[in-house]
Amino acid sequence: MVPFETMKRWFLIPFAMSDKRLSVAMADPNNILLQDQIGLLSGCDVDVFYADRESIARVLDEGFRAVLEPGQAGRFHFEGEGKDFAAPVVVETIFDMAVDSRASDIHLEPQAEGFFVRFRIDGMLSTVHMFPVSAAAPITSRIKVLSGMDIAERRLPQDGQITTQIRHKEVDLRVSTLPSKYGEKLVIRVLQKSASALKLECMGFEPVSQSRLEMLLERPQGMVIIAGPTGSGKSTTLYAILNRLKSPFRNIVTLEDPVEYELLATKSKESGVTQVQINPKIGLTFASALRASLRQDPDILMVGEIRDQETADIAMRAAMTGHLVFSTLHTNSSTETITRLRDIGIEPYLIASTLLGILAQRLARILCLDCRQPYAPPQKALRGIVPEGLPSAGLTLYKAKGCPRCQGTGYKGRTGIFEFLEMDEELRRAVLESASGDEIRRIAHRHGMKTLRSGGMAMVLKGVTTVEEVLRVTTED
């Protein structure tokens, strides 16, 4: 009846109920407003008892999680359709829960049977609450007010933004509404503004690939492209790279849509980074912003995404004239990036002369260390997993089980899987001769490039993830 996150936030525990009267232990029993809010959430009259914060925290941390069924959706309880609804409290609780559970997106979906709250955690959607249908309107209106939308407009899609403090962190919430059969669906992207913790060594690179990439970062000019589908972690890798490169002795300009993280300065030094928010509605496109940035004496340019020939052409010419340029492209593999650039109209000589390397990537879920289960796979199953020449007898792999700490999924967190293509003379000649994607890939393999799948299987052998997870995220490999 009372969300677990509300208990943690306000240090309270409901411990008994009789005849629609809910007994609640609270660290602040004089908080009348909080008592009213609990009554609205639970649909009961509330009897308050005192307990100190330390006792409540101990019970919540040590005992309460153990009785939660993994993966089961929680439910708020309401007494009657017309009952007053504490939308501000509920919306705040949803945001708190999303940050605590590391959700990247919040989905609020009206359906015939209820108003569902789903979180995307580690790339997978799961339902965390179901409200009654009557809760949809006040929750939607509250979020639209916070994000600066027109609450009277329900027939057209809208976009908005909320910047707030959650758990002492500055969080940016990008809100999008979409009219549907049963009402407005809301999707909220959760962006934690600080990128200070993003480091290359924490991305999941194999040591050899990381050292080769770091060597490219020291080049004075050229272009590095991060490739992958939406949600594969391209922006996170770019920010980790810029964190490595930012310096008061460099002028770095980033062009982003949206600005997902803030590359902050340290206390003693300026960051040397200027971040530009792209706004096509007023004519500030990637191409126009890139032209203006070249007049700002940049050392390093980051173009959030190559979307058209004009942007790609300007970026590559900038890389050819003394700038180090980073960007992303929506392609499935490193070699496919070269053919995509040719397809959008970039001349082969420009690709060959400016491209330093391409990093294709995916995100795979990490096994929960509290519940992963070891198993000895049959020898036939090890084909394609264990590299040739390495012994496979007695090898132990791990599979997902599920526990309260990972919400019953068996996974907690994600790591990168990478395919790094570094340009060399043979590859440049192949690009100049307009070689096919297959031919470029054969040359890259001959020169030691590891595919996304082989990189993922290396993670499987280390016990980081599962065979099933690697196969899921590298289906096209």
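Leaving aside neighbours within four places in sequence, Glu214 is in contact with Leu200 and Arg244, where contact means heavy atoms within 4.5 Å. The model is a predicted one, in which local features need pLDDT of at least 70 and side-chain atom pairs count only at pLDDT 80 or more, while totals for chains, interfaces and linings use all residues. Residues are numbered from 1 along each chain as its sequence is written, and side-chain values use heavy atoms, with hydrogens and water left out.

Let us stay with Glu214. This residue is found in helix α6, residues 207-217; helices are DSSP runs of H or I with at least four residues, strands are runs of E with at least two, and both are numbered from the N terminus. The side chains of Glu214 and Arg244 are joined by a polar contact of 2.7 Å. By polar contact I mean a pair of N or O atoms within 3.5 Å; within protein, one must be able to donate a hydrogen and the other to accept it, and residues adjacent in sequence count only if both atoms are side-chain atoms.

Is Glu214 buried, exposed or partly exposed? Its relative accessible area is 23%, so Glu214 is partly exposed. Buried means under 20%, exposed over 50%, and partly exposed in between, with a 1.4 Å probe and protein chains only.

I now turn to helix α10, residues 334-343. Of its 10 residues, 7 are buried, so α10 is largely enclosed by the rest of the structure. Among the buried residues are Ser334, Thr337 and Leu341. At the start of α10, a side-chain oxygen of Ser333 lies within 3.2 Å of the backbone nitrogen of Glu336. Just after the helix, Gly345 has a positive phi of about 110°.

Which residues of α10 meet helix α13? They are Thr335, Ile338, Thr339 and Arg342, and their partners in α13 are Gly437, Ile440 and Arg441. Two packed helices are described by the angle between their axes and the distance between the axes. Here the axes of α10 and α13, residues 437-446, come within 9 Å and cross at roughly 145°. Axes are lines fitted to C-alpha atoms, for helices over the stretch in contact, and angles run from 0 to 180 degrees between N-to-C directions.

Finally, the whole chain. Its secondary structure comes to 15 helices and 19 strands. Of the 477 residues, 49% count as buried. The C-alpha atoms fill a box of roughly 80 × 60 × 50 Å, taken along the principal axes.
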